[in-house]
Amino acid sequence: MPKTVKALLTACALAAAAGAVSAQEQVVNLYSARHYSTDEALYSGFTKATGIKINRVDADDAGILARLKAEGSASPADVILLVDAARLYKGEVDGLFQPIKSKVLNEAIPAQLRSVPTADGGVSWFGLSTRARVIVYNKVKVQKADVDTYEELGDAKNKGKLCIRSGSHPYNLSLFGAVMEHVGEQKTEAWLKGVVANLARAPKGGDTDQIKAVAAGECDIAVTNTYYLARLMRSTKAEDVAMVNKVGVVFPNQDTWGTHVNISGGAVARHAKNSANAVKFLEYLASAEAQNYFANGNNEWPTAKGVSIENPALKAMTGGTSFKSETIPISAVGANTTKVQQMLDKVGFQ
């Protein structure tokens, strides 16, 4: 074969290979448990900034983890977004994520809101937004001072007053796991018994249902994530405005360890085919632009350092000031949930 022809064929082969690599780099496959329509702006913002297309599969946390296990090395997933610390921890323990090293993420996300680093410094997942687990109460029937700590949810003075969703829901498992980290197993189990004794009804519904129940007089106190309350506060519907006017909100334990916060977080899938793009996507979600959108679009607090927000509902909730949040590692909260579930079974918390 003449050298010129051979050289031409080689150049064509290299160009084709480069084109294939280039094409591969323009996509990232996302498995997301974030079912928020407002997130569409995040995805389009990332594509606009980088030219990388996002292919998305939506499911709940448990479904995503089960799918990753079933797919194994054949999984097309590059990035995983989950909405609970316990599920992120479980994904890490089950080996479904690959630890990554990113100076951008390490500098932006506080250490307590990401996984414990591996021996070589890799991090398996990062918290990208937070939501506080707060107490709402009937402003006519309940004094704020009687519900300003989580411990009081199990105090006999609040017998028959509490509405809450299933104890086994990830949001509650993480709250209970945090309490256990603060006070230990024995006190947590005793507290959970008190919580069960104080129920006004069997656990049911979601967080919005608990707020509605307080406003309707079905119970006097309830537990909710802040973004559910913020949605109602930002609503223009007359029934939502009326509901919000009937309830007060308290950020528990401001004089002790601080209010429990859970996270929505991201990880790179263990068998990611586009891992570099996956890291770029997570770094984008930690940017000021994306962090502000978490706040303004879905009423969550940013995790990245130095990001301020303008969300009117979140500001109104806190009186325009910051609140004290707990500083325990969120990974420890996830690690506690197995023992917490055993306690729930023991005390009869559905």
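This is a predicted model: local features need pLDDT of at least 70, side-chain atom pairs count only at pLDDT 80 or more; totals for chains, interfaces and linings use all residues.

Mentor: Two packed helices are described by the angle between their axes and the distance between the axes. For helix α3 (residues 61–71) and helix α4 (residues 85–93), the angle is about 10° and the axes lie 10 Å apart. Angles under 35 degrees count as roughly parallel, and α3 is therefore roughly parallel to α4.

Elsewhere in the model, the largest pocket may be described. Its volume is about 510 Å³. The lining of the largest pocket consists of 21 residues, and Thr130, Trp301, Pro302, Phe323 and Ser325 lie nearest the centre. At least two lining residues come from each of β9 (301–302) and α13 (312–318), and α13 provides the largest share, three residues. In composition, the lining has 10 nonpolar, nine polar and two charged residues.

Gln112 sits in the loop between α5 (103–108) and β4 (126–138). Because its relative accessible area is 27%, Gln112 counts as partly exposed. Beyond its neighbours within four places in sequence, Gln112 contacts Thr327, Ile328, Pro329 and Ile330. By contrast, Met233 is 121 residues away from Gln112 along the chain, and the C-alpha atoms of these two residues are separated by 30 Å.

Conventions. Residues are numbered from 1 along each chain as its sequence is written. Side-chain values use heavy atoms; hydrogens and water are left out. On a 1 Å grid over the protein atoms alone, a cavity is a set of points where a 1.4 Å probe fits but cannot get out, and a pocket is an open set with protein on both sides within 12 Å along at least five of seven lines; lining residues have an atom within 4 Å of a point. Grid points are joined across faces, edges and corners, and a volume is the space filled by probe spheres set on the points. Helices (H or I, at least four residues) and strands (E, at least two) are DSSP runs, numbered from the N terminus. Ala, Val, Leu, Ile, Met, Phe, Trp, Tyr, Cys and Pro count as nonpolar, Asp, Glu, Lys and Arg as charged, and the others, Gly among them, as polar. Buried means under 20% relative accessible area, exposed over 50%, partly exposed in between (1.4 Å probe, protein chains only). Contact means heavy atoms within 4.5 Å. Axes are lines fitted to C-alpha atoms, for helices over the stretch in contact, and angles run from 0 to 180 degrees between N-to-C directions. Angles under 35 degrees count as roughly parallel, over 145 as roughly antiparallel, 65 to 115 as roughly perpendicular and the rest as oblique.
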